[in-house]
Amino acid sequence: MSRPPSPNPSRWFKALRRTRLGDPCLKTYSLECVDLLRRARVAFQAGRTLKENFRLTQLEAVVQMLEEHECDFVDALGRDLRKPRFETVVSELILVKNEAVYAITNLKKWMQPQKVERNLSTTLDDCMVTSEPLGVVLIIGNWCSPVQMCLVPLVGAIAAGNCVIISPSECTLHTAELLHRLIPFYLDNECFHVILAGMSDLSEVVELKFDHVLFTGNKEDGSKIALAAARTLTPVTLILGGKNPCYVDQHCDVSTTVQRIAWARFHNAGQSLVAPDYILCHTDVKAQLVQALKCCLMEFYGPNPQESRSFGRMVNLEIFNRTRELLWRSGKVAVGGHVIEAEKYIAPTVLTDVAESDPIMQQEVFGPVLPILTVNNVDEAIAFINGQEKPLCVYAYSTNSKVVSRLMSETSSGSFCSNDCILQSVMVALPFGGVGASGMGSFHGRYSFDTFSHKKSCLLRSARFECVTYLRYPPFDDRNLSLMTWASSLSQKSQGWCQIL
């Protein structure tokens, strides 16, 4: 993979002056946002991002940035979330690199026009769909996966030929500062920018008028972004999460099931859009499941998870306090329950005897708490899931393929995975997005490219066959109408081949 051109010294010092890791984060004010947007528009209108070579160079620079600054990203996420190095490399950096390499490998194919079926009147013409970049897009990341949720959409936007402004979450301050410092050093300084803005300021930023806005976060903030975008008719992609149900059937491998659920729920101290939010457990397997979870958490984090180097912390006191309140006011603690406010620490916790009316079942949980509810059969589980708003993910654990098939086909969600969790949301070949209350639109791989592209219908006609097409012209008469009606009846039988318009 070739290295991108080294920036000149003035650009290098300019990048360093923006912020240094550990310095106070400087807010990007509205006038600066207006200027950055203007510069990006000028660059886009000049055609700077249109060439394949330019896009490839920028994608390669993203990979280079992650490789050369892996330790910086580990340090930043360690400060923000006390995220273990293993989790940072695997769930943040490798995922972005995979996305970039996949885009580099497939970019030429993605950029090629797609030929479509022709009819009789266009037999000698070219009918195609071309992918046209939208322009300047805004990517608003979240704090759960602050690198992944900023840079994975960035890869798709670059591949599609857009200029991009990124707004990392203010909650993960050190990671935001690092992106603010590094991106100007590695990517084109006119086409790609990072702003540092709080959620309270983002509605004003969105109203500056972008060509697309992609937001990942909670439903309340997503609604504000969508409302602000609607004022300027800006299209949006919203990844909003939701309460992701996980059905555990009586016919399952309990040992494997609890390992996979515990990994997904307590990864990043439970701060994830795609983690299982609660378990719908078959009554016959509940006792065995709870006991297996106790043993699994002991194996994962030891007798005192507070001392484990594999377990993170809550991002801030606001999230800590909200999660603690939900924990204390819901169900019965079967495992964990220990909290330390000074450390923003909540132990991996399993709740039993949880009712649908409990507070923890009324809102999404961004913390290491796993409620368990019981059902008597798969019908009850499906009815329960369908009684809630459509989630981002539905999970099902069963060795019975008919049970899995029913959960997949009889519930609606952004994604579905059987006998595992989260993996379907990180595969470059699968779209990641929500439906209904969990969002709209998707990204990953080719789907990111399509999200940030306009599919333009193109018909390149010749001046021939006027002897056929003249039937559409005035003055209108019944003979021409009869001929066109006859041709239309033929087209219905031959799938459009005889259309003459």
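Two parts of a structure are in contact when heavy atoms of each lie within 4.5 Å. This meaning applies throughout the following report on a predicted model.

Helix α10, which comprises residues 254–266, lies across strands β8, β9, β13, β14 and β15. Its direction makes an angle of about 135° with β14. Helix α11, residues 286–301, also packs on the sheet, where it touches β8, β9, β10, β13 and β14. The angle between the directions of α11 and β14 is about 165°.

The sheet itself is open and has seven strands, in the order β10-β13-β14-β9-β8-β15-β16, with mixed pairing. At its edges stand β10 (332–335) and β16 (415–418), each of which pairs on one side only. On average, neighbouring strands of this sheet are turned by 25° against each other, direction ignored.

Within the sheet, β8 and β15 run parallel and are joined by three bridges. Tyrosine 247 has alanine 396 in β15 as its bridge partner.

## The three-stranded sheet

A further open sheet has three strands in the order β1-β2-β20, and its pairing is antiparallel. Strands β1 (114–115) and β20 (453–460) are at the edges with a single partner strand each, so one side of each has no neighbour in the sheet. Methionine 128 stands opposite cysteine 458 in β20.

| Strand pair | Bridges | Direction |
|---|---|---|
| β8 (residues 245–248) and β15 (residues 393–397) | three | parallel |
| β2 (residues 126–133) and β20 | eight | antiparallel |

## A pair of helices

Helix α3 (residues 52–68) packs against helix α6 (residues 148–159) at an angle of about 160°, and their axes are 9 Å apart. Angles over 145 degrees count as roughly antiparallel, and α3 is therefore roughly antiparallel to α6. The residues of this contact comprise eight nonpolar, one polar and one charged. From α3, Arg55, Gln58, Leu59, Val62, Met65 and Leu66 take part, and they meet Leu151, Val155, Ile158 and Ala159 of α6.

## Asparagine 316

Asparagine 316 is placed in the loop between α11 and α12 (317–328). Is this residue, asparagine 316, buried or exposed? The relative accessible area of asparagine 316 is 18%. Buried means under 20%, and asparagine 316 is therefore buried. A polar atom of the side chain of asparagine 316 lies 2.8 Å from the backbone nitrogen of isoleucine 319. Apart from neighbours within four places in sequence, asparagine 316 is in contact with Cys171 and Lys344.

Note on methods: Residues numbered from 1 in each chain as written. Predicted model: local features only at pLDDT ≥ 70, side-chain atom pairs only at ≥ 80, totals over all residues. Heavy atoms only, no water. Pairing = 2+ DSSP bridges. Helix = DSSP H or I, 4+ residues; strand = E, 2+ residues; numbered from the N terminus. Axes fitted to C-alpha atoms, helices over the stretch in contact; angles between N-to-C directions. Buried < 20%, exposed > 50% of the residue type's maximum accessible area, 1.4 Å probe, protein only. Polar contact = N/O pair within 3.5 Å; in protein donor to acceptor, adjacent residues only side chain to side chain. Parallel < 35°, antiparallel > 145°, perpendicular 65-115°, else oblique. Nonpolar A, V, L, I, M, F, W, Y, C, P; charged D, E, K, R; others polar.
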